[in-house]
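Trainee: I would like to learn how to read a helix and a core. Please take me through an example.

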Amino acid sequence: MSVTIAQVTDCHLMAEPEALFCQINPAERLQKVLADIKNLPNTPDFIVFTGDIVQQETAESYQLFANIVANAKLPQKKFLLPGNHDLPAEIAALKRSELFVDSDHFSASGWQFLLLDSYLEEGRGAGSVDCTVLNKRLEQADHSAHLALFVHHHIAEFKSFIDNYPLNNALELRQAIAKIENFKGLFHGHVHAYQQGLTDGIAWFACPASSVQFDHQGDKNYLPDFGYQVIKCQADGRIQTSVRWL
Ligand SMILES: [Fe+2]
């Protein structure tokens with residue numbers, strides 16, 4: 001038995017469906033991403049949105065997001081996390097709506113997944129997690145299950161401009177996770193790139209953006225691809241990710 005999750009991130013929606021972000025239409029791209037998830041031959045069990053849902057922080061942008069998700073008619077349980085561009089009250093309202101599950105964790109097939117909020121008011125793109133709360137959650141987690149985390153911000157340096165918008169207490173987070181024997185991996189957004197790494201013994205997996213990709217080699221150029229990642233968590237604790245470029 002395994003569990004499969006589609007991770008969608010950094011949608012950066014504008015208030016108007018036709019409005020552009022970085023010369024592309026983010027609403028159209030999100031629609032294409034959700035249509036692709038619907039047509040996957042191996043249907044994912046869950047869908048997790050990991051923040052930066054909007055670029056224009058208005059109620060209209062969130063309404064557009066809700067409309068796109070509703071119109072996609074995806075049968076899976078959907079979870080939602082805020083990113084640095086989000087409005088916490090709008091995210092909370094969405095989570096309470098019938099479109100999403102209002103929970104910060106879910107379990108399946110011998111796995112437990114925790115959703116971790118890294119929103120920081122006045123963070124100017126940076127984030128922070130409450131490690132006191134996290135430590136408690138890790139203590140109370142199902143220690144017979146494999147454990148994984150979703151969070152918006154990256155937890156290891158990318159050595160690019162994105163490090164100007166870091167998770168302020170990434171080291172503290174890594175130390176908290178490193179103590180957990182059954183911890184298997186962390187999935188994040190924010191970097192707009194498909195990349196994986198191992199930092200302080202923690203496997204992390206960066207999800208491509210549904211809007212535009214960032215070039216971490218160059219000087220904040222935008223790359224033409226967009227997509228999402230499919231995460232497969234095996235019963236023996238192995239994680240495999242694949243990317244769907246559209
Ligand atoms: Fe972000």
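The dialogue below takes up a helix and then a core.

Mentor: This is a predicted model, in which local features need pLDDT of at least 70, side-chain atom pairs count only at pLDDT 80 or more, and totals for chains, interfaces and linings use all residues. Residues are numbered from 1 along each chain as its sequence is written.

Trainee: Which residues of helix α3 are buried?

Mentor: An α-helix has 3.6 residues a turn, so residues three or four places apart point the same way. Helices are DSSP runs of H or I with at least four residues, strands are runs of E with at least two, and both are numbered from the N terminus. A residue is buried if 20 or more other C-beta atoms lie within 10 Å of its own, exposed if 12 or fewer, and partly exposed in between, with C-beta atoms placed from the backbone. In α3 (residues 88-96), Glu-90, Ile-91 and Leu-94 are buried. They cover an arc of only 100° around the axis, which puts them on the same side of α3; the arc is that of the directions from the helix axis to the C-beta atoms.

Trainee: What does the face turned away from the buried side of α3 carry?

Mentor: That face carries the exposed residues Pro-88, Ala-89, Ala-92 and Arg-96.

Trainee: What do the buried residues of α3 pack against?

Mentor: They pack against α2 (59-72) and β3. Two residues are in contact if their C-beta atoms, placed from the backbone, lie within 7 Å.

Trainee: How many residues has the largest nonpolar core?

Mentor: In soluble globular proteins, nonpolar side chains tend to be buried together. A nonpolar core is a set of buried Ala, Val, Leu, Ile, Met, Phe, Trp, Tyr and Cys residues joined through C-beta atoms within 7 Å. The largest one here has 56 residues, and Leu-186 is among those with the most contacts inside it. Strand β6 (residues 146-151) gives the largest share of this core, five residues.
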